[in-house]
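Let's work through a few exercises together, one step at a time. Keep the sequence and the 3D view open as you go.

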Amino acid sequence: MFIVNGLASFGRYLELMGKVFSWPERWRMFFKQYVKEMAQLGVDSIGIVLLISFFIGAVICIQIKINIQSPWMPAFTTGYTTREIMVLEFSSSIMCLILSGKVGSNIASELGTMRVTQQIDALEIMGVNSASFLILPKIAGMMTTIPFLVIFSIAAGFIGAYATAIAGVITVDDLTLGLLHSFNQWFIWMSIIKSFIFAFIIASVSSFYGYTVEGGSFDVGKSSTDAVVSSSMLILFADIFLTPLLS
Amino acid sequence: MIEVRHLYKSFEDKDVLKDINAIFEEGITNLIIGQSGSGKTVLMKNIVGLFTPTSGEILYDNRDFVKMSKREKVMLRREMGMIFQSAALFDSMTVLENVMFPLDMFSDMNQSDRIKRAKFCLERVNLQGAEGKMPGEISGGMQKRVAIARAIALNPKYLFCDEPNSGLDPKTSLVIDELVHSITHEYKMTTIINTHDMNSVMGIGENIIFICEGDLEWQGNKDQIMTSTNERLNSFIFASDLFRKVKKVENEERK
């Protein structure tokens with residue numbers, strides 16, 4: 001039963017995506033929506049991304065220094081490990097998991113409310129492809145802003161690590177040495193590519209749950225929760241497959 | 001003119017509409033009335049294309065909506081305006097942006113002409129001065145008037161109103177009814193109103209269709225409704241004490 005329901009949902013998701021990826025009726029209106037979504041989904045998330053990344057960068061640095069660094073290890077170990085964790089996993093995967101909570105619930109509740117208050121029906125009656133008009137700018141806006149959020153997250157994590165150095169946990173020279181040690185530029189690209197796919201998952205899955213709501217405010221709340229849970233699970237599964245594929 | 005021929009609609013095993021045949025004339029207000037759950041909203045949703053009929057024809061000036069291609073349906077929808085029960089205004093847009101929306105999407109007017117047209121529509125519904133407000137900042141009656149302004153922005157040939165007076169006080173309901181009625185006559189639109197507000201029926205019911213348990217039970221106008229002998233219609237219309245008294249007075253006057 002679970003498998004049948006899952007396949008039915010996946011079929012409806014593909015059907016919706018078929019409607020979403022169509023030529024916009026008015027490019028002027030599409031760009032207006034696109035800019036609005038970039039601001040709402042991406043720019044408005046910068047604060048939380050910077051805040052969390054700063055503290056995680058700092059905490060990773062402290063944890064490595066206290067629990068892993070030993071006299072038998074090179075002095076750059078703490079900085080090196082902090083960089084690898086931030087670049088390889090935290091700023092792409094974990095940050096997208098956090099964003100699936102913030103952005104995913106935002107998208108699902110917005111579209112769900114539009115559905116139950118007949119705003120989507122109003123668009124359909126006017127002859128507007130409501131799926132494309134509402135969802136395509138969200139997917140495009142999210143995928144456009146996510147690389148910047150990843151870069152900001154990495155930078156904020158490093159600043160957090162430097163804050164611990166200033167506080168005396170580690171020397172600035174050792175941290176800088178670690179951050180620069182055996183730096184592989186591809187890891188940054190890998191992080192950005194992964195985040196592109198995660199951004200698509202967050203925007204499209206959350207839109208699916210919001211757009212297909214039936215009922216009232218209780219169902220909008222439920223769809224919002226389902227959107228966050230499903231997009232988080234899919235991000236984790238996708239991460240498992242993408243990591244060996246891109247490494 | 002909109003014509004419905006032999007329309008059936010079923011949901012799983014339940015027949016909600018059974019062989020509906022009706023003509024909705026141009027330039028007058030056509031009302032669909034009936035109890036809650038009688039099928040009137042389903043009938044309207046079939047007519048506007050939000051539901052697909054199980055069988056039957058829906059003709060918009062002799063163009064069969066059911067048999068149209070997706071593209072043709074989209075083009076026809078641009079000739080429709082609809083006022084929803086909840087007004088269904090876009091809550092992220094101001095009043096002016098809501099009215100401008102259909103113009104932004106489908107007209108080739110330049111920005112200043114679109115603004116001018118939207119302001120004209122707002123003036124037509126007596127809402128000048130509310131352009132910059134958000135839907136959440138205005139009353140239910142004003143929201144309905146914005147919905148009317150948005151519905152007429154593109155000069156539609158067909159206007160649909162799904163319980164436009166729902167949640168409004170009698171005085172505001174009267175204003176909305178008068179507005180829809182005068183706009184219908186002014187622009188020669190084919191207007192269909194779905195209602196169970198008896199004040200609307202008696203005020204603007206130029207062509208009334210009574211739906212009962214999915215059947216078209218009675219068709220006539222507001223004058224004929226008072227003298228109808230249809231039992232089901234009478235039990236619906238005169239369910240309220242007020243209308244029973246009105247009928248009694250009318251009958252006495254006739255005698």
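The exercises below each start with a task and go on to a worked solution.

**Before you start**

This is a predicted model, in which local features need pLDDT of at least 70, side-chain atom pairs count only at pLDDT 80 or more, and totals for chains, interfaces and linings use all residues. Residues are numbered from 1 along each chain as its sequence is written, while chains are lettered from A and ligands numbered from 1 in the order in which they are written.

**Exercise 1. Find out how confident the predictor is.**

Step 1: pLDDT is the predictor's confidence in each residue, from 0 to 100. Chain B has a mean pLDDT of 89, and 97% of its residues reach 70 or more.

Step 2: For the complex, the predictor gives an ipTM of 0.84 and a pTM of 0.87.

**Exercise 2. Describe the build of chain A.**

Step 1: Helices (H or I, at least four residues) and strands (E, at least two) are DSSP runs, numbered from the N terminus. Chain A has nine helices and zero strands.

Step 2: Its C-alpha trace spans about 70 × 45 × 30 Å along the principal axes.

Step 3: A residue is buried if 20 or more other C-beta atoms, placed from the backbone, lie within 10 Å of its own, exposed if 12 or fewer, and partly exposed in between. Of the 247 residues of chain A, 45% count as buried.

**Exercise 3. Which parts of chain B touch chain A?**

Step 1: Two residues are in contact if their C-beta atoms, placed from the backbone, lie within 7 Å. By this rule, 14 residues of chain B are in contact with 13 residues of chain A.

Step 2: On the chain B side, α2 (70–77), β6 (80–83) and α3 (95–106) each supply at least two residues. The most come from α3(B), with three residues.

Step 3: Now zoom in on I125(A), in helix α5 (residues 119–125) of chain A. Leaving out residues up to four places away in sequence, I125(A) touches V48(B), R77(B), M80(B) and M82(B).

Step 4: I125(A) counts as buried because 22 C-beta neighbours lie inside 10 Å.

**Exercise 4. Is D19(B) buried or partly exposed?**

Step 1: Locate D19(B) in strand β2 (residues 14–24) of chain B.

Step 2: D19(B) has 14 C-beta neighbours inside 10 Å, so it counts as partly exposed.

Step 3: Check the backbone too: phi of D19(B) is near 50°, a positive value in a residue other than glycine.
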